[in-house]
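Subject: Structure handover

Hello,

Here is the structure for you to look over. My notes on what turned up follow below it.

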Amino acid sequence: MSDAQSLAKEFEPHRRYLLGLAYRMLGSHAEAEDTVQEAWLRWSEANRVSVDHPRAYLSQTVTRLCLDRLKSAQARREVYIGPWLPEPVLEDEALLQPGPEQASELAADLSFAFLLALERLSPLERAAFLLHDVFDADYAELAEALGRSEATCRQLAARARSRVRESHTRYPVSTDESRRLAAAFLHAVQSGDASTLKTLLAEDASFVSDGGGRVAAAGIPVHGRERVTKVLVGLALKHPLPADAKVYPTTVNGLPGCLIRAADGSPIQTVAIESHGGLVTAVYVVRNPDKLRHLSVSRRH
């Protein structure tokens, strides 16, 4: 076996962990893949004799690369048109799920609500929280990765933990009931049935759609049963899906929902539906073509 093959074999067991970390840091599937690829290049070029703990070394490398990327990402977000949502990941994106060594309850949470809660943190808070609370790194590893003292890392993680708890409540998902509710909701939207929609939505339901200024979408987050119903029905009437579009039920960021494709297989949008107590509490729609590129048939087959 060549040195390159040996390095690749040693790197692969860490890929899923690194992709999961990078995606949660950046909110972008494409950028997470690019970051992990860059970490691989650095890994393959490093003096392997000096790398005693591969997971820690790679984790630090990915974290630092993500912090660099977040600087430019923040500038782009300031001029982003309309609500911003992370790039969606589907149920078969197993590489973004943590391995069994990550026992944290949050480790399996890829929901839009959780990722948006992370967006409200500073880059250093985000890194400290993810590494410690989600991926089980100790404070010594955090200090090494962030170039800060352990005491500072404790403060960063604690502050981030408090802010995440304030803005994100996690409900159990993936039950048969939630999937049936999602199917009924999607059918009501497609048929423009406002009366049924109202019976499915919680009183304080929210709707967030990300078109990035590229395609039709609600320009601001919408809140409240009446307003959400009005906007959903209005969008369905003014901007109907192509007659030959196909709807594929799936899990989107851990939530029941669907991927809608055009006849040629190109993705049109994803829909993720959050529910609690038998009612839809939040709907997240990603329509920005740039954020759906990784779901194109040409890339996946």
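Two strands count as paired if DSSP finds at least two bridges between them. S4 (residues 255-261) and strand S5 (residues 267-276) are joined by 5 bridges and run antiparallel. Please keep in mind that this is a predicted model.

Val247 stands opposite Ile260 in S4. S3 and S4 form a hairpin with 2 residues between them. Asn253 in that turn has a positive phi of about 50 degrees.

How many of the residues of S4 are buried? The count is 7 of 7. In a regular strand, side chains alternate between the two faces of the sheet. Here both faces are covered. Leu255, Gly257, Leu259 and Arg261 are buried on one side. Pro256, Cys258 and Ile260 are buried on the other.

**Cysteines**

Cys258 has a relative accessible area of 0%. Cys66 is also at 0%. Both count as buried because the cut-off is under 20% relative accessible area. A search of the whole structure finds 0 disulfides.

**The cores**

In soluble globular proteins, nonpolar side chains tend to be buried together. The largest nonpolar core in this model has 45 residues. Met25 and Leu118 have the most contacts inside it. Helices H1 (3-11), H2 (15-26), H3 (29-45), H4, H5 (112-119), H6, H7 and H8 each give two or more residues to this core. H2 gives the most, with 8 residues.

What does Leu118 touch, leaving aside its neighbours within four places in sequence? Its contacts are Arg24, Arg126, Phe129, Leu130 and Val164.

A second, separate core has 25 residues, including Ala182, Val189, Ala218 and Ala262.

**Helix H7**

H7 spans residues 139-146. Tyr139, Leu142, Ala143, Ala145 and Leu146 are buried in this helix. Their cover includes helix H4 (54-78), helix H6 (123-134) and helix H8 (150-167).

At its start, a side-chain oxygen of Asp138 comes within 3.2 Å of the backbone nitrogen of Ala140. After the helix comes Gly147, with a positive phi near 70 degrees.

Best wishes

Conventions. Residues are numbered from 1 along each chain as its sequence is written. This is a predicted model: local features need pLDDT of at least 70, side-chain atom pairs count only at pLDDT 80 or more; totals for chains, interfaces and linings use all residues. Side-chain values use heavy atoms; hydrogens and water are left out. Buried means under 20% relative accessible area, exposed over 50%, partly exposed in between (1.4 Å probe, protein chains only). Helices (H or I, at least four residues) and strands (E, at least two) are DSSP runs, numbered from the N terminus. Contact means heavy atoms within 4.5 Å. A polar contact is a pair of N or O atoms within 3.5 Å; within protein, one must be able to donate a hydrogen and the other to accept it, and residues adjacent in sequence count only if both atoms are side-chain atoms. A nonpolar core is a set of buried Ala, Val, Leu, Ile, Met, Phe, Trp, Tyr and Cys residues joined through side-chain atoms within 4.5 Å. A disulfide is a pair of cysteine sulfur atoms within 2.5 Å.
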